[in-house]
Structures are given as structure tokens and as C-alpha cells.
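Thanks for coming. I will go through one model today, starting with the terms and ending with the parts to treat with caution.

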Amino acid sequence: MSDAIDGQGHEADGVESDAIARWYVVQCKGAESFRAAEHLANQGFEVFHPVLEVQKKRRGKLAWIAEPLFPYYLFIRLDRIASNWRPIRSTRGVLKLLTFGDEPMAVADSLIETLRRNASPSPESETANVYFRAGESVEIIEGPFQDLKAVFESQKGEERAIVLLNMLHKQQRLEMPIAQLRRSQ
């Protein structure tokens, strides 16, 4: 009888679903999502904190830096019966659990699985990451130097790249559209 109500006003079937671990959203204090994820994990919680690697200038040079996909949020897996929810609010970096009214908001497992699957794109996907790392081997896929191998040196703006190409027994610096490059296999 799925519409049965127990003595506490909950559906009898709801008790069973409360014992299933679900993902919830934790709101973090400004720029503290990495700290919150670390401290929650140290307490034994299962945490998912999706990050992106982005290129930024640091001390005048481009560097790869991990940044949160959702800057003020991370996900935590809890069940409503066995998990101890109390320490979450007092964890360093945590502001609160997101709620709808008084109830914590569960996130669909399929969303977390999709985020995990897409968090690290496959290397054979050409459009997965248009940025290259300095020193990485690249192949020129169109233009006058098509099918030649080069070494990525740096990015110049959003659409241009500087590569090193071996020509005439010497490495030559060439500037070209970044769209004409792909990772060398």
C-alpha cells in the first residue's frame, strides 16, 4: 500500500527512500569551495567538486589553474537516516546546505554522473579543449603547413597561437589561428 502513512506522518515507502544516499548541494563561503571540499572529505563525507582547468596569466606567464565549475557550490552524498548532517554547517568553508523550504534539495544522480563523465574530456575529442599547454606536440590541420608537426609555444589572444616548427634545420616561430591546430596523436 504505497499511500500508507506511518505514525510520524510520512509515507511508508518514503522511509525506504530516506535510506538511499542522494546528492545534495552545499553552498560555500566566497572562494572557499576547495577548503570546504577538503574538510568535508576529511570528515568522511563523499564529496564531488567539479573543476575546470583554465589558462590564466600568473606573474606574466600563462599557467593552467583548476577553478570550480560552480564557484560557490559543491555536491555531497548523504542519506537522510544514517548520515550525520550536523557537522556540515560548522565545517570550514561551508555556508549552508541548499534547501527548498525546510527540506534539503536533492540533486538527480544522472546530473552528477553527467558532470563526472564530462569533467575530463577524452583526449581524442578535438573540440574538448581548444587550449594547449606549452611544449605540447601539435599537428597543423589546415593552411600552407597542413599535416606538419609543431610544438605549441603560447597562445596569443583567444584565437591565435604561436608554434615552433622545424624548417630549414632550425625551429621557426609561427603565429597562426588556434583553430588550425589539434593535439598530435
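First, a definition: a residue is buried under 20% relative accessible area, exposed over 50%, and partly exposed in between, using a 1.4 Å probe and protein chains only. By that rule D147, at 55% relative accessibility, counts as exposed.

Now the ground rules. This is a predicted model, in which local features need pLDDT of at least 70 and side-chain atom pairs count only at pLDDT 80 or more, while totals for chains, interfaces and linings use all residues. Residues are numbered from 1 along each chain as its sequence is written, and side-chain values use heavy atoms, with hydrogens and water left out.

The overall picture. The protein chain has four helices and 14 strands; helices (H or I, at least four residues) and strands (E, at least two) are DSSP runs, numbered from the N terminus. Of the 185 residues in the protein chain, 26% are buried. Contact here means heavy atoms within 4.5 Å. Among contacts with a separation of 6 or more, 55% are between residues 24 or more positions apart.

Next, the cores. A nonpolar core is a set of buried Ala, Val, Leu, Ile, Met, Phe, Trp, Tyr and Cys residues joined through side-chain atoms within 4.5 Å. The largest one has 13 residues, and V26, L40, L74, I76 and I88 touch the most other members. Two or more residues each come from strand 1 (22-28), helix 2 (33-42), strand 5 (73-78) and strand 6 (94-97). There is also a second, separate core of 12 residues, which includes F152, A161, V163 and I178. Back to V26: leaving aside neighbours within four places in sequence, V26 is in contact with Y72, Y73, L74, I76, V94, K96 and L97.

On to the aromatic residues. Rings of Phe, Tyr and Trp (its six-membered ring) pair if their centres lie within 6.5 Å; planes under 30 degrees apart count as stacked, over 60 as edge-to-face, and the rest as tilted. That rule gives three aromatic pairs. Y24 and W85 form an edge-to-face pair, 5.0 Å centre to centre with 65 degrees between the planes. This pair links distant parts of the chain, 61 residues apart: Y24 is in strand 1, and W85 is in the loop between strand 5 and helix 3 (86-89). Y24 is buried because its relative accessibility is 3%. F70 and F75 have ring centres 6.0 Å apart and planes at 85 degrees, so this pair is edge-to-face as well. F70 is partly exposed at 32%, whereas F75 is buried at 6%. Together with F48, F70 and F75 form one aromatic cluster.

Now the sheet. Which strands form it, and in what order? Five strands form an open sheet in the order 13-12-11-10-14, with antiparallel pairing; two strands pair if DSSP finds at least two bridges between them. Strand 13 (170-177) and strand 14 are the edges, each pairing on one side only. Neighbouring strands are turned by 45 degrees against each other on average, direction ignored; axes are lines fitted to C-alpha atoms, for helices over the stretch in contact, and angles run from 0 to 180 degrees between N-to-C directions.

Within that sheet, strand 10 and strand 11 (residues 149-156) pair over three antiparallel bridges. S137 has V151 of strand 11 as its bridge partner. E139 lies in strand 10 (residues 137-140) and is buried, because its relative accessibility is 11%. Beyond four places in sequence, E139 touches D147, L148, K149, Q180, L181, R182 and S184.

S184 sits in the segment after strand 14 (181-183) and is partly exposed at 22% relative accessibility. The C-alpha atoms of S184 and S137 are separated by 5.6 Å, although the two residues are 47 apart along the chain.

Two backbone angles deserve a look. Most residues other than glycine have a negative phi. D147, in the loop between strand 10 and strand 11, has a positive phi of about 75 degrees. A31, in the loop between strand 1 and helix 2, has a phi near 60 degrees and is exposed at 78%.

Last, confidence. pLDDT is the predictor's confidence in each residue, from 0 to 100. The protein chain averages 81, and 83% of the residues score at least 70. Over residues 1-16 the pLDDT is below 50, and this stretch has nine contacts in the model beyond near neighbours in sequence. Residues 121-129 also stay under 50, with five contacts beyond four places in sequence.
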